[in-house]
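We will go from one stop to the next, and each stop tells you what to pick.

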Amino acid sequence: QVRLVESGGGLVQAGGSLRLSCAASGIIFSIRAMGWYRQAPGKQRELVADITSGGSTNYADSVKGRFTISRDNAKNTVYLQMNSLKPEDTAVYYCNVEGLATRGWFGSWGQGTQVTVSS
């Protein structure tokens, strides 16, 4: 069973920075893609950024130039550095990991971490 543990959320003023981390644990043979999603109250969950095993990245237009996704393959961990935060970035942030484990291919979600940006 693959478990994801997120950390790094919190309350920050507009213009500030936060760094989110998501570590995958369990018997994992390989990880194909890792990503961050967010869901604001009353809105659908949306992709923020993702990164492939080869390091290719993809960002939502709303965060380009402000957020940076990275991964540490040795630690099965994905990070999201968030700079120049805006009140509209307020949401619960979820990590998502796709890979191969003992029971085959999996796609797992983290428990979510709250990010609140005050104006």
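This is a predicted model: local features need pLDDT of at least 70, side-chain atom pairs count only at pLDDT 80 or more; totals for chains, interfaces and linings use all residues.

Residues are numbered from 1 along each chain as its sequence is written, and side-chain values use heavy atoms, with hydrogens and water left out.

**Stop 1: the disulfide.** Select C22 and C95, which are joined by a disulfide with S to S 2.0 Å (a pair of cysteine sulfur atoms within 2.5 Å). A search of the whole structure finds one such link. C22 sits in strand β3 (residues 18-25) and C95 in strand β9 (residues 91-101), so the pair ties together parts 73 residues apart in sequence. Strands here are DSSP runs (E, at least two residues), numbered from the N terminus. Both cysteines are buried (under 20% relative accessible area, 1.4 Å probe, protein chains only).

**Stop 2: the core.** Now select W36, L80, M82 and Y93, the residues with the most contacts inside the largest nonpolar core, which has 31 residues. Such a core is a set of buried Ala, Val, Leu, Ile, Met, Phe, Trp, Tyr and Cys residues joined through side-chain atoms within 4.5 Å. Its largest share, five residues, comes from β9.

**Stop 3: the sheet.** Finally, show β1, β3, β8 and β7, which form an open antiparallel sheet in that order; strands pair if DSSP finds at least two bridges between them. β1 (3-7) and β7 stand at the edges with a single partner strand each, so one side of each has no neighbour in the sheet. Five bridges join β1 to β3, and V5 has A23 in β3 as its bridge partner.

Terms used. Helices (H or I, at least four residues) and strands (E, at least two) are DSSP runs, numbered from the N terminus. Buried means under 20% relative accessible area, exposed over 50%, partly exposed in between (1.4 Å probe, protein chains only).
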